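Open the model in your viewer and keep the selection panel at hand. Each stop below says what to select and what is there.

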Amino acid sequence: MEFLQPATWAEALQLKAVHPQAVPIQGGTDVMVELNFDRHRPEFLLDLSRVGELAQWAPENGHIRLGAGVTYARILTELSDRLPGLAMASRTVGSPQIRNRGTVGGNLGAASPAGDAHPALLAAFAQVEVESVSGLRQIPVAEFYTGVKRNALSPDELIKAVLITPPTGPQQFCKIGTRNAMVISVAAFGLALHPDRKAVGTGIGSAAPTPRRALEAERFLAQSLTDDGLWEFRGALPDATSRRFADLVADAASPIDDVRGTARYRVHSLSVMARRALIWAWNDFRRV
Amino acid sequence: MRVTCTVNGEQHQADDVWEGESLLYVLRERMGFPGSKNACEQGECGSCTIYLDGVLACACLVAAGQAQGRGVRTVEGLGSGDELATIQQTFLEAGAVQCGFCTPGLLVAAHDLLERHAGPTDAEIREALAGNLCRCTGYEKIMEAVRLGATRRATAS
Ligand SMILES: Cc1cc2nc3c(=O)[nH]c(=O)nc-3n(C[C@H](O)[C@H](O)[C@H](O)COP(=O)(O)OP(=O)(O)OC[C@H]3O[C@@H](n4cnc5c(N)ncnc54)[C@H](O)[C@@H]3O)c2cc1C
Ligand code: FES
Ligand code: FES
């Protein structure tokens, strides 16, 4: 094994071009488990922890550019107001030790259906910025997940940043697990209301081969709010609307039975989370 | 590969480190700091908790090369000389140590909490120690030790 340690982003891209089989390591909270258990012996480890640019975030053209190497702990302390959905999700990741090292870039790299950043990124319509020596591209996060633990990266590409527009409406994140800390979700749900464009964003975790949006549910809710004039006058949300929304979210899932839960429980818990998240978000929306 | 880093304020070096090795292994087996314990090697138990450049982390999840040139502080570096840190003293007094395997990690995590938070609530203590498992004490004595540590630090300052 060889340990490659670029000091700059340009150098990292060069190394990835020369050694496309190199495994990137940022916080190491996924990669090191694989190495410790000898599940995987990569020829090259590409340590991104010295690439300063990756550990930065900044506002840019109306969105937040979140470097792939920004940790959950920093999202919590520095970005709770600007990225509330992602901050709520970050708050549920692992333990303080894991949040201090784990990153959104690593969550995207691993592309686990259970990754907690995904529902929040999906609901916020985030874009993933990836780069290789041959160029830069931005991928809508919903298109980034291509299969169980698979993503849209080419072998020579690295994740550079996530671009997220700060919210114009409330955001929520819910996660079901056996403990309040240190759990892989049984199911998770992210919600964002986008009143500026009269749109609704959703993200489902741990209930399909990939994280995914509940498109029908998004369309239904956005249309109902428009038809009832609720985006403008922010009145009470009809019970039938929240129930139908919850059903449509549950319909969008295609879960499996596994050690963490049954498919049936996942579908049920998703509908409960969807309805709750909507009611919480709607109450927030009426308050402002 | 060679790894050089500062451990508890002193420069240390290890040679012939395997590139996929963890900082925990380097600390325990190559640099002579067996305080941090190895129980799960997957970030679940917290018994390997250390500070890396002042940030609480599981040493089993840090690649050795990532620690190159960085500052590590282990449980061995909490006190000074023969004098225990406040949190070590209160763990003793409260009876928060049984088999002791979880203790080094819990001490570092509790130390970090008290550095950041002068008077943590019980909920904040539980939250801060959520990444550290103990199979002996049932946690109540550990809670007591941290509360006592917080009080003692407050009266000392
Ligand atoms: C005890 C424990 C608890 C956990 N709890 C949770 C939890 O509650 N929720 C959750 O979602 N996850 C959890 N995880 C998983 C893990 O912490 C997250 O997936 C985290 O986001 C990974 O980030 P990292 O920087 O540590 O990634 P790394 O381990 O460094 O990398 C993860 C993957 O991404 C790739 N990668 C990293 N950076 C890049 C990049 N810039 N470009 C391309 N590929 C890249 C790596 O090659 C690897 O495949 C937990 C892990 C542990 C050990
Ligand atoms: S040995 Fe590192 S967390 Fe258990
Ligand atoms: S004292 Fe034995 S595991 Fe905690």
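**Stop 1**

From domain 1 of chain B, S3(B) gives the most to the side that touches domain 2 of chain B, with three residues.

Some ground rules before moving on. This is a predicted model: local features need pLDDT of at least 70, side-chain atom pairs count only at pLDDT 80 or more, and totals for chains, interfaces and linings use all residues. Residues are numbered from 1 along each chain as its sequence is written, chains are lettered from A and ligands numbered from 1 in the order in which they are written, and side-chain values use heavy atoms, with hydrogens and water left out.

Now colour residues 3-77 of chain B as domain 1 and 86-156 as domain 2. These bounds come from an automatic or database domain assignment. The C-alpha centres of domain 1 and domain 2 of chain B are 22 Å apart. Their contact (heavy atoms within 4.5 Å) takes 15 residues from domain 1 of chain B and 13 residues from domain 2 of chain B.

Domain 1 and domain 2 of chain B bury about 1100 Å² between them, 62% of it on carbon and sulfur atoms. Buried area is the accessible area (1.4 Å probe) that two parts lose on being put together, summed over both. Select Tyr51(B), Leu56(B) and Val75(B). They supply 40% of the area that domain 1 of chain B buries against domain 2 of chain B, more than any other three residues.

How many salt bridges does the rule find across the interface of domain 1 and domain 2 of chain B? Zero salt bridges. The rule asks for a side-chain nitrogen of Lys or Arg within 4 Å of a carboxyl oxygen of Asp or Glu.

**Stop 2: the sheet of chain B**

Switch to cartoon. Five strands of chain B form an open sheet in the order S2-S1-S5-S3-S4, with mixed pairing. Strands (E, at least two residues) and helices (H or I, at least four) are DSSP runs, numbered from the N terminus. Two strands pair if DSSP finds at least two bridges between them. S2 (10-14) and S4 of chain B stand at the edges, each with a single partner strand, so one side of each has no neighbour in the sheet.

Select S1 (residues 3-7) of chain B. S1(B) pairs with S2(B) in the antiparallel sense over five bridges. Thr6(B) stands opposite Gln11(B) in S2(B).

H1(B) lies across S1, S2, S3 and S5 (71-73) of chain B, at about 105 degrees to S3(B). Axes are lines fitted to C-alpha atoms, for helices over the stretch in contact, and angles run from 0 to 180 degrees between N-to-C directions. Helix H3 (residues 103-116) of chain B also packs on the sheet, touching S3, S4 and S5 of chain B, and makes about 45 degrees with S3(B).

**Stop 3: where the chains meet**

Show both chains. The contact takes 34 residues from chain B and 30 residues from chain A. Chain B and chain A bury about 2400 Å² between them, 54% of it on carbon and sulfur atoms.

The rule finds two salt bridges across this interface. One of them joins Arg91(A) to Glu127(B), the closest N and O atoms being 3.7 Å apart. On the side of chain B that touches chain A, S3 (49-52), S4 (55-58) and helix H4 (122-128) of chain B each supply at least two residues. S4(B) gives the most, with four residues.

**Stop 4: chain A**

Colour domain 1 (2-164) and domain 2 (171-287) of chain A. Domain 1 and domain 2 of chain A bury about 1900 Å² between them, 68% of it on carbon and sulfur atoms. Pick Pro113(A), Pro119(A) and Phe125(A): they supply 29% of the area that domain 1 of chain A buries against domain 2 of chain A, more than any other three residues.

One salt bridge is counted between domain 1 and domain 2 of chain A. Lys175(A) forms a salt bridge with Asp116(A), with the closest N and O atoms 2.6 Å apart.

End on the open sheet of three strands in chain A, with order S1-S3-S2 and parallel pairing.
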